[in-house]
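Hi,

Here is the model I promised to pass on.

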Amino acid sequence: MNTLQQSLSEDSLIFRIKQPPSLFWLNIVFLLAPIILTYIASLHICSEACTAGQNYRLFGLAFEIWGFILCPFFLLLHITSRRIPAFIWLTTIAVAGALGAEAWFIYVQKYYIGHWCPVCLAIAACLIIAFVIQVITIAIGHDKLSKIEKEGVKMKYYLGSLTTFTVAVLGFFIAFVGLSKVDKLEAAQDELKEKITFGNTKSPIEVYLFTDWQCPSCRKIEPVIEKATTSINKKARLVFVDFPIHPETMNFTPYNLAFMVNNKDKYLKLRHILTTLSEQTGAPTEEQVAKAIQPLGVKYQQLNYADVAVAFKYYKDLAKQFNINSTPTVVLINLDTKKGKKLKGGVEITEANILNAIDALK
């Protein structure tokens, strides 16, 4: 029994090596610094080089979010190692994984972005120094163990080193797989789509109504759409799309978008007012619109130009995707099966046909 206890005591020496106070407090500094630098990065006050890096995400999350999660974790591991020396190894391994990921991030900055982000490089430098301090600590412990003629004890140091290297490679691989560039225009379109979509958001069926504000046939089907909207919204998602056969339609789109985004509950009534106004003018003014909607108790809230521009691009992409060349046109598509149906003109676009098409696509 005594022999076994002695063996266990000797084996556990690798977990009982104390880090010199000077190295411990020095590493506090270099593990605290990345937290501060991450906060600076989150303020987005860095140079143009940093801005380019903000277009990238790691598994869909911004680097700042990962920084606020991982950097305090590394610091906590290190502080714990003061009381539990085994955490010296855990801190070393964790930081090694982060350095593996940093290696890929730096490569991307060099060969993909073409700019160096000083904040990112500073974080990487702090982690490198922290890792070196940990290695020095372990090397001191290994030197002390060299006096013990126990290959099993030394083997655990080799195993720990191999684990550290493996985690570093794993960190590189995870960063390689998870890093992706954000398409800001696509993201803006997705956000806009959510804002202007009506109906059952859980349904796989999407219904797109392509109309032109100066199109006589479009005006004729407006009562049909108003009546059918309630039934459509129960079964599918509905998107109203401005398709400018007549250039004047683009004068109405900013108002139409604003009503869809800000006044969904009264949108059909507001749409009816815009339809009536389109019979009187091809270029409505803000004063005309404000006066026309006043009876509904609605105040026009102008969208910023960027949102309107995104909408125009989104509408154009939809028209190209569904090969739209005339109005009015209704496109129905099942996102799961990729099957769809198209209805054209006042003869085909009826409440019954739309609802039947939705049921058929299910």
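**What I found**

Asn323 is exposed, with 54% relative accessible area (exposed is over 50%, buried is under 20%, and partly exposed is in between, with a 1.4 Å probe and protein chains only). Before the rest, a word on the basis: this is a predicted model, where local features need pLDDT of at least 70 and side-chain atom pairs count only at pLDDT 80 or more, while totals for chains, interfaces and linings use all residues. Residues are numbered from 1 along each chain as its sequence is written, and side-chain values use heavy atoms, with hydrogens and water left out.

Back to Asn323: its phi is positive, about 55°, although it is not a glycine. Asn323 sits in the loop between helix 13 and strand 6 (helices are DSSP runs of H or I with at least four residues, strands are runs of E with at least two, and both are numbered from the N terminus). That loop also holds Pro328, and the peptide bond from Thr327 to Pro328 is cis, with omega near 0°. Lys338 is another non-glycine with positive phi, about 65°. Lys338 is in the loop between strand 6 and strand 7 (340-344) and is exposed at 62% relative accessible area.

Now the chain as a whole. It has 15 helices and 7 strands, and 43% of its 362 residues count as buried. Of the contacts with a separation of 6 or more, 76% are between residues 24 or more positions apart (contact means heavy atoms within 4.5 Å). The accessible surface is about 19500 Å², and 62% of that belongs to carbon and sulfur atoms (Shrake-Rupley method, 1.4 Å probe; for residues, only the protein chains shown count as cover).

Thr38, in helix 2 (residues 21-42), counts as buried because its relative accessibility is 3%. Leaving out residues up to four places away in sequence, Thr38 touches Glu64, Gly67, Phe68, Cys71 and Ile123. Ser203 is in the loop between strand 3 (197-199) and strand 4, and at 5% relative accessibility Ser203 is buried too. With that sequence cut-off, Ser203 touches Lys235, Ala236 and Arg237. Its C-alpha is 9.9 Å from that of Asp336, 133 residues apart along the chain.

What about disulfides: how many does a search of the whole structure find? The search finds 0, with a disulfide taken as a pair of cysteine sulfur atoms within 2.5 Å. Cys71, one of the Thr38 contacts, is buried at 8% relative accessibility. Its sulfur is 9.2 Å from the closest cysteine sulfur, in Cys126, so that is too far for a bond. Cys215 is buried at 7%, and its sulfur is 3.0 Å from the closest cysteine sulfur, in Cys218, also too far for a bond.

Helix 8 (184-196), strand 4 (205-211) and helix 13 (305-321) each give two or more residues to the lining.

Cheers
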